[in-house]
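Welcome! Have the sequence and the model side by side, and let us take a short walk through a few of the places worth a look.

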Amino acid sequence: MKRSLAAWAVGIVPMSSMATPAWAEPPPPAAAPAAPAEPVADEAPLGAKPSAGAELDPAPPPQSRRARINAEYRRLPWIRRWAPQRNLGEIGISAGVFLPSEEHDLYDPVTRPSEPFWSAGVDVAVRGGFYPLRSLGIEAEFNAMPTRMRNLTNDFAFVYGFQSHVVFQLPYYSVVPFFLAGGGLLGIRSNILIQGNDVDPALHYGAGVKIAVSRIIGLRVEARQILSASEALQGAGTGHVQVLGGITFTLGRKPPPPPPKLPPPVDPDRDRDGILNGVDDCPDVLGVAPHGCPDTDGDSFRDSVDACPEVPGVAPDGCPVKDTDGDGILDPDDDCIFEPETVNNYKDKDGCPDDLPPEVKKFSGTIDGIEFDTAKDTIRAGSRPLLDRAVAVLQEFPDIQLHIVGHTDDVGAPEFNLDLSRRRAESVKQYLVDKGIDASRISTEGRGMNDPRVPNDGEANRAKNRRIDFEVRSADSPAPGATPAPANTPANTPANTADAPVPGEVRGAAPGEPPAKQPGD
């Protein structure tokens, strides 16, 4: 106890720690060992050097209110920075020149007659004003105009005025033109033996310009005309001129409003599908041209209106055109939607089952009875009735397309036989064309000895292989290998006449003898 009192006396132990003896306090409850505290940068050991990463940037010094306001004003260019605001107060002091009229009425007519003032005198003014609107305000002003009389002794006279007026100004820039008009009193104080004392009513108007150089301080220049009574004529008037320049102090100016927040930049293609938002029907969903919306099947119908979004289709619902009977002709073009087309090279485009007319069947396949001169493409006269009947059938059924194929036997050179078969097919076509059948309906082909009906193992079989076949075909399926010839190609060329030598031809026998066997005969 004595040691504690001694420690308190020298200021080492506070008095509060001695309120209760340590032996009288219950022992503190056992606690779990605390985790080592994290080192705090601000509590480094005395004398320890801070680490490189512990240095912090010094906080900027706080700005004064005046500095903050000035910074807000500096956001604007000077020409607009100090433009007039609403509810501003203004006080000012000006000095200038007063140019009185010689016919003034500033005298006491009881004591003295009127005498003129000096032509120019000093004018000092103080004013106060209030501008409830940016373009409109009211002002009150006191003018002191000490001057002297224009006499032998240049006696002193004190001219003064009380004025109030309405101010109209252009409130757009720091340079403010203005116009004012109002009324007041114009008076004089002088020796009773000089002019005496007098006060007259007066009107005034004028114009000027104010230039704000800072938030508070500005410059002002103006000129006025003061209208008052003339000498001894209260019903008449005269004019005095004031020219003033001075300094003004603006009160109550507020910081400019904050600049409008710029809208966030507009992304011209939000969904990044290459179609700009203005023409994209789905600007926030990845899509495809031309509408910019999802189109899974790529048929130009967006998925939201496509009745078959995974299968390419057509109008009006984006589904494929149906082929109900499965004949390859779509329903809009199928005259028989529920019956498949019979593909027989006759009206194969109408989608209906049909059969070749009997008349056409007679001229489909090998046409027996068409004969040619030996080793030539000249049609024998006996074949013409048969071909005329073929012409009649083609005229009766204009939808039929005819493919004419020529064949030979194996006698003679293959090249000669191939050319002979082609020329004979062309001769038949030319006969039909000459009878009025459109050449575009007929195609020809020569197969020579390459497609025999029966083996060429005897004269009878060779005669069967020398033939003309008619194949009925649809208009859109020309025969493979067909070589349509011009409509007006003559059937017999000089190379085909009897006078011209034909490769592989065996010349006929002497007159009166039976003809010798010819290749392709």
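A375 is buried, with a relative accessible area of 3%; buried means under 20% relative accessible area, exposed over 50% and partly exposed in between, with a 1.4 Å probe and protein chains only. Phi of A375 is near 60°, a positive value in a residue other than glycine. You will find A375 in the loop between strand 9 (365-366) and helix 5; helices (H or I, at least four residues) and strands (E, at least two) are DSSP runs, numbered from the N terminus.

Before going on, please note that this is a predicted model, in which local features need pLDDT of at least 70, side-chain atom pairs count only at pLDDT 80 or more, and totals for chains, interfaces and linings use all residues. Residues are numbered from 1 along each chain as its sequence is written, and side-chain values use heavy atoms, with hydrogens and water left out.

**Backbone details**

N87 also has a phi near 60°, a positive value in a residue other than glycine. N87 sits in the loop between helix 3 (78-81) and strand 1, and is partly exposed, with a relative accessible area of 47%. Another spot to look at is the peptide bond from A289 to P290, which is cis, with omega near 5°. P290 belongs to the loop between strand 8 and helix 4 (358-361).

Why is strand 10 described as largely enclosed by the rest of the structure? Because 6 of the 6 residues of strand 10 (residues 401-406) are buried. Q401, H403 and V405 cover one side, and L402, I404 and G406 the other, all of them buried.

| Partner of strand 10 | Sense | Bridges |
|---|---|---|
| Strand 12 (residues 468-473) | antiparallel | 6 bridges |
| Strand 11 (residues 442-446) | parallel | 5 bridges |

G406 stands opposite I468 in strand 12, while the bridge partner of V405 in strand 11 is E445. From strand 10 the chain crosses through helix 6 (residues 414-434) to strand 11, and this β-α-β crossover is right-handed: with the strands pointing away from the viewer, the path from the first strand over the helix to the second runs clockwise.

**The nonpolar core**

In soluble globular proteins, nonpolar side chains tend to be buried together. Here the largest nonpolar core has 29 residues, of which I370, I404, V428, L432 and F470 touch the most other members. Such a core is a set of buried Ala, Val, Leu, Ile, Met, Phe, Trp, Tyr and Cys residues joined through side-chain atoms within 4.5 Å. Helix 5, strand 10, helix 6 and strand 12 each give two or more residues to this core, and the largest share, 6 residues, comes from helix 5.

**A cavity to visit**

The second largest cavity holds about 50 Å³ of space. On a 1 Å grid over the protein atoms alone, a cavity is a set of points where a 1.4 Å probe fits but cannot get out, and lining residues have an atom within 4 Å of a point. Grid points are joined across faces, edges and corners, and a volume is the space filled by probe spheres set on the points. Which residues line the second largest cavity? They are V360, F363, A390, V393, L394, I400, L402, F470 and V472. Helix 5 (384-396) supplies the largest share of this lining, 3 residues.

Key:
Pairing = 2+ DSSP bridges. 1 Å grid on protein atoms, 1.4 Å probe; cavity = no way out; pocket = protein on both sides within 12 Å on 5 of 7 lines; lining within 4 Å.
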